[in-house]
Amino acid sequence: ELQELCLERCPPELLSGLGEARKPRKVELKKGKEVDDRVASILGSLPLLETLNLSGSHMNSGALAVLCNRAPKLRNLDIGYSSGMNGVATGMTWEDVGLVAAFPGLVSLNLSGFNEFHDDDFAALLGQLPELESLDIRWNSYLTDESAKSIGRAKKIQHLEVSGWNGLTDTGVLHLCDLEKRLLTFKASHCGQLTERAVRFISERCPNLEVFVMDHLPRDNDAAAESLSRLQMLTKVVASSWTKLTDVGCEYISKLHRLKSLTLDGSITTDGAL
């Protein structure tokens with residue numbers, strides 16, 4: 001009757017009996033040594049499998065192809081890597097990851113840390129995933145505002161993380177704001193070109209936002225806080241290392257009456273802000 005299984009750093013040989021289970025809908029194999037064709041075949045033999053989390057595991061170039069052929073019902077797929085790591089796995093190319101398009105019913109996809117995407121490739125993949133609601137594509141050195149434009153055209157995305165995009169500018173965030181009322185979660189930390197204008201664009205176009213994460217924002221942090229105060233649905237704000245945020249900015253943030261979680265480490269606020 002097992003429906004969920006979570007294993008961390010599990011040797012592949014221990015998975016041999018998993019194929020005899022018929023009811024698992026969710027399997028997590030985090031930080032495994034390698035997900036090869038044999039392991040992928042075992043996972044693909046689970047007829048009800050909907051959620052597969054392989055974050056931090058090494059996947060060889062053929063394993064994803066096996067999953068595509070044998071697990072067509074997948075709705076949630078995580079093959080992301082740790083922050084800043086280059087590539088999902090050694091020897092895995094963009095062509096391999098492009099096979100994700102074989103899961104048109106995906107509603108959640110994590111490709112964080114895969115550093116081989118370029119704008120054209122990413123646009124082609126996104127165009128084949130019409131049901132996608134959650135996308136984590138952080139830590140990519142090559143995606144630019146053009147990819148932000150592609151995301152903005154997606155019809156159903158509600159939860160988005162683009163942290164670590166070196167090529168993302170305020171203009172790109174404006175494109176992302178084409179998601180408008182659908183966008184509930186926005187995370188864009190370590191994006192060195194973003195300014196308070198990006199926060200203003202979000203506040204003007206995405207009124208239903210509930211989670212906002214953006215650290216190391218330069219320049220006028222108080223103006224950014226004033227923009228945030230217009231997002232009355234916010235329940236979580238992470239504004240770490242807003243080094244120019246003052247008590248004035250905190251006064252704006254205090255107007256977020258639904259707020260349950262707030263992170264402001266690295267600011268220059270005083271006791272008056274508390």
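1. First, a term: a contact here means heavy atoms within 4.5 Å. Among contacts in the chain between residues at least 6 apart in sequence, 70% join residues at least 24 apart. Keep in mind that this is a predicted model, where local features need pLDDT of at least 70, side-chain atom pairs count only at pLDDT 80 or more, and totals for chains, interfaces and linings use all residues. Residues are numbered from 1 along each chain as its sequence is written, and side-chain values use heavy atoms, with hydrogens and water left out.

2. Overall build. I see nine helices and eleven strands in the chain; these are DSSP runs (helices H or I, at least four residues; strands E, at least two), numbered from the N terminus. The C-alpha trace spans about 60 × 35 × 30 Å along its principal axes.

3. Of the 274 residues, 49% are buried, where buried means under 20% relative accessible area, exposed means over 50%, and partly exposed is in between (1.4 Å probe, protein chains only). The chain exposes about 12,400 Å², and carbon and sulfur atoms supply 48% of that. These areas come from the Shrake-Rupley method with a 1.4 Å probe; for residues, only the protein chains shown count as cover.

4. The core. A nonpolar core is a set of buried Ala, Val, Leu, Ile, Met, Phe, Trp, Tyr and Cys residues joined through side-chain atoms within 4.5 Å. The largest one here has 78 residues, and Leu135, Ile151, Leu160, Phe186 and Phe212 have the most contacts inside it. Helix H2 (residues 63-70) gives the most to this core, with five residues. As background, nonpolar side chains tend to be buried together in soluble globular proteins.

5. A closer look at Phe186. Leaving aside residues up to four places away in sequence, Phe186 touches Leu160, Val162, Val173, Leu176, Ile202, Leu209, Val211, Phe212, Val213 and Met214. Ile202, one of these partners, is also among the buried residues of H7.

6. Helices H7 and H4. In H7, the buried residues are Glu196, Ala198, Val199, Phe201, Ile202 and Ser203; their cover includes H6, S8, strand S9 (211-213) and helix H8 (221-228). H4 buries Asp119, Phe122, Leu125 and Leu126. Those H4 residues fall within an arc of 130° seen down the helix axis, so they line one face of the helix; the arc is that of the directions from the axis to the C-beta atoms. The general rule is that an α-helix has 3.6 residues a turn, so residues three or four places apart point the same way.

7. Salt bridges. How many salt bridges does a search of the whole structure find? The count is eleven, with a salt bridge being a side-chain nitrogen of Lys or Arg within 4 Å of a carboxyl oxygen of Asp or Glu. One of them joins Glu50 and Arg25, with the closest N and O atoms 3.5 Å apart. This pair links distant parts of the chain, 25 residues apart: Glu50 sits in the loop between helix H1 (37-44) and strand S3 (51-53), and Arg25 in the loop between strand S1 (4-8) and strand S2 (26-30). Both ends are partly exposed, Glu50 at 30% and Arg25 at 37%.

8. Glu131 and Lys156 meet at 2.6 Å, N to O. Glu131 is in the loop between helix H4 (119-126) and strand S6 (134-136) and Lys156 in the loop between helix H5 (145-152) and strand S7 (159-161), so the bridge ties together parts 25 residues apart in sequence. Arg205 pairs with Glu180 at 3.5 Å between the closest N and O atoms; Arg205 is in helix H7 (residues 196-205) and Glu180 in the loop between helix H6 (170-176) and strand S8 (185-187). There is also a network of salt bridges linking Asp136, Arg138 and Glu161.

9. Two backbone spots to check by eye. Most residues other than glycine have a negative phi. His190, in the loop between S8 and H7, has a positive phi of about 55° although it is not a glycine. Ser241, in the loop between strand S10 (236-238) and helix H9 (247-253), likewise has a positive phi, about 60°. His190 is partly exposed at 39%, and Ser241 is partly exposed at 22%.
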